[in-house]
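Look at the sequence and the model first.

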Amino acid sequence: MRTQICHGRVIGTVLGCTALVLAATGTAAAHPAHRVAPERQVLAAGDGWGSYSTGTTGGAAADAAHVKTVTTWDGFKAALAAGGDAPKIIKVRGTIDADGPSCDSFAADSWDFDSYLATYDPEVWGRTSNLDAEPADSPEGLRRASAARQDAYIKAFVPANTTIIGVGPDAGFKGASLQIKGVDNVIVRNLTFESPLDCFPQWDPTDTADGNWNSEYDSAVLYGATHVWMDHNTFTDGDHPDSTLPHYYGRIFEQHDGELDIVKGSDHVTASWNVFADHDKTILIGNSDSASTAAVDRGHLKVTLHHNLFSNLVERAPRVRFGQVDSYNNHFVAEEGFGYSYGIGLESQLVAQHNAFTLADGVKAGSILKKWSESSLTADDNWVNGVRTDLIAVHNAQIPAETLTAGAGWTPVLRTHVDRPQAVPHLVDRSAGAGRLR
């Protein structure tokens with residue numbers, strides 16, 4: 001068997017460094033790429049930041065012993081843990097429910113939500129002190145203990161050199177939180193993620209003037225991860241959109257966090273042909289303005305987003321701090337309740353080009369961009385409702401108090417193909433998301 005170093009990794013017999021591994025034995029033939037089994041496919045050379053340097057091959061080189069098909073949450077977590085960082089392929093068949101246990105099953109002894117509401121009612125507690133100093137036997141302490149039990153159950157930790165792929169059109173996870181943390185070389189494809197529901201959100205009376213309920217658990221989070229390819233996945237709130245959630249203290253009892261967060265020095269990520277739908281806080285790239293976070297994130301967070309559908313979202317598609325983010329050929333569909341798409345944060349270097357926006361009546365083009373900090377961006381050749389639109393100019397005209405300047409300071413080169421933005425809605429709406437992988 002002939003081996004070759006491709007993107008810095010030994011991946012078995014290949015037809016050049018852009019070819020795909022074909023067989024679990026590592027013996028490949030000169031087959032065209034479209035005949036490569038999806039679980040053996042790797043990110044093509046030049047396809048976004050995920051292809052930079054060593055590239056992203058996931059578990060393509062896995063031997064037969066490290067190819068598993070799973071149908072249960074326990075089986076999935078066991079497959080992740082088996083074999084350490086050896087290349088592995090995990091095939092997900094059907095919908096795996098990580099949200100099966102009831103919230104009551106995670107509750108600590110003596111936990112009582114009514115007691116929590118009575119204790120921290122703003123009319124009693126006030127709005128000047130948070131709950132961080134509350135002791136373990138307080139309602140907040142019991143909430144923390146309950147949350148820890150849910151945390152241990154619904155999080156699944158992905159090792160390096162792993163491909164996770166759905167088999168068929170209905171594969172995915174309900175209520176799971178995929179943790180891609182401190183590892184390199186991961187591929188996640190063809191899966192539907194229904195957002196996890198945080199059973200025990202925390203009340204923070206100091207978060208805004210009115211206070212807020214804050215939740216944990218992203219559907220997928222990249223935390224110090226490198227070389228990750230997220231492709232043809234669907235992220236949604238499913239049966240539990242925010243409209244179904246109750247209100248307490250006059251604020252929504254928020255049980256959702258992000259759909260895909262990329263934080264803590266993560267780097268070299270490509271997210272392609274995904275659907276992000278029916279959600280509030282969608283994608284966060286860089287999670288804080290703090291000095292300690294800046295020390296970790298500065299110079300990292302290089303992310304490419306292309307050919308994704310962002311539909312019926314409120315915000316963060318994405319919100320960016322520090323990172324060099326290339327967003328092109330995406331379709332954004334904004335409905336009632338839309339806040340913004342691109343959040344321009346501290347030291348962000350966003351390039352947004354050749355995208356298409358479909359805005360409902362009453363949604364103004366100026367709201368596509370949101371200025372959070374003094375950072376510049378590049379925004380060329382974007383089309384809004386079929387008309388080529390200068391996003392920066394229209395933003396500045398409609399929201400003069402948040403003036404943005406042009407020029408991200410870098411030019412993306414890792415793009416395999418750029419489609420005309422006029423064609424993007426048809427292309428993306430037809431082909432993005434789980435169940436549409438070819």
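**Salt bridges**

Q: Which residue does K91 meet in a salt bridge?
A: The model is predicted: local features need pLDDT of at least 70, side-chain atom pairs count only at pLDDT 80 or more, and totals for chains, interfaces and linings use all residues. Residues are numbered from 1 along each chain as its sequence is written, and side-chain values use heavy atoms, with hydrogens and water left out. A salt bridge is a side-chain nitrogen of Lys or Arg within 4 Å of a carboxyl oxygen of Asp or Glu. At 3.4 Å, N to O, the partner of K91 is E39.

Q: How many residues apart are K91 and E39?
A: Strands (E, at least two residues) are DSSP runs, as are helices (H or I, at least four), numbered from the N terminus. K91 lies in strand β4 (residues 88-97). E39 sits in the loop between β2 (9-10) and β3 (67-70), and the separation is 52 residues.

Q: Is E39 buried or exposed?
A: Buried means under 20% relative accessible area, exposed over 50%, partly exposed in between (1.4 Å probe, protein chains only). E39 has 18% relative accessibility, so E39 is buried.

Q: Which residue forms a salt bridge with D326?
A: The closest N and O atoms are 2.7 Å apart. D326 lies in strand β24 (residues 324-328), and its partner is in the loop between α7 (391-398) and α8 (424-431), so the pair ties together parts 89 residues apart in sequence. Both residues are buried. The partner is R415.

Q: How many salt bridges does the count come to?
A: One network of salt bridges links E140, R143 and R144. By the salt-bridge rule, the count is eleven.
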